[in-house]
Amino acid sequence: MKITNFGPLIMSNNAEDVAKVFEALGFEKKHEKKDVTDTHDSGFKMKDADGHGIAIAQVHRMPQDMTTVQMNVRDFDEAMELLAKHGFKNMKGEGNIIDTGSSKTAMMISPSGFAINVVYHIRKEDK
């Protein structure tokens, strides 16, 4: 399986407040996506001068922040199948994938509660 990016993701009801903490640590917003779904309306990636990165998502209706791993992959189905073989389940239910047209994503939860957000960015050559 080809992983193209692997790093922390914080999902929060107050993403801008979380970002301020990382800005104070020297991080800058590098990429932002808005209006994804009715429960997740924006998100952004931040990086510092040394190339360390973090993703932060604005997620409504969450009682508290959740920290997980974001894993960008070249083959979405392969990644989903591998995680399912290890007991992970889609947090939103079987087959419920967020498809924005430019990416696909699903939050996969292990039996112990560990979460991996699988992301596939649709490339021009894949259309």
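Helices (H or I, at least four residues) and strands (E, at least two) are DSSP runs, numbered from the N terminus, and two strands pair if DSSP finds at least two bridges between them. The views below show a predicted model, in which local features need pLDDT of at least 70, side-chain atom pairs count only at pLDDT 80 or more, and totals for chains, interfaces and linings use all residues. Residues are numbered from 1 along each chain as its sequence is written, and side-chain values use heavy atoms, with hydrogens and water left out.

**View 1. The hairpin of β8 and β9 has five residues between its strands.** Within this hairpin, Gly113 adopts a positive phi near 105°. Strands β8 (residues 103-109) and β9 are antiparallel and are joined by seven bridges. Ser103 lies opposite His121 of β9.

**View 2. Strand β9 (residues 115-121) is largely enclosed by the rest of the structure, because six of its seven residues are buried.** Buried denotes under 20% relative accessible area, exposed over 50%, and partly exposed in between (1.4 Å probe, protein chains only). Strand β5 (residues 66-73) runs parallel to β9, with four bridges between them. Gln70 faces Asn117 of β9.

**View 3. Strand β4 (residues 53-59) has six buried residues out of seven, so it is largely enclosed by the rest of the structure.** Four bridges connect β4 with strand β1 (residues 3-12) in the parallel sense. Met11 is placed opposite Ala57 of β4.

**View 4. The second largest pocket has a volume of about 210 Å³.** On a 1 Å grid over the protein atoms alone, a cavity is a set of points where a 1.4 Å probe fits but cannot get out, whereas a pocket is an open set with protein on both sides within 12 Å along at least five of seven lines; lining residues have an atom within 4 Å of a point. Grid points are joined across faces, edges and corners, and the volume is the space filled by probe spheres set on the points. The lining includes Phe76, Asp77, Met80, Phe88, Lys89 and Met108. Helix α2 (76-85) and strand β6 (89-90) each contribute at least two lining residues, and α2 gives the most, with four.

**View 5. The chain contains two helices and nine strands.** Their order along the sequence is β-α-β-β-β-β-α-β-β-β-β. The C-alpha atoms fill a box of roughly 40 × 35 × 25 Å, taken along the principal axes. Of the 127 residues, 39% count as buried.
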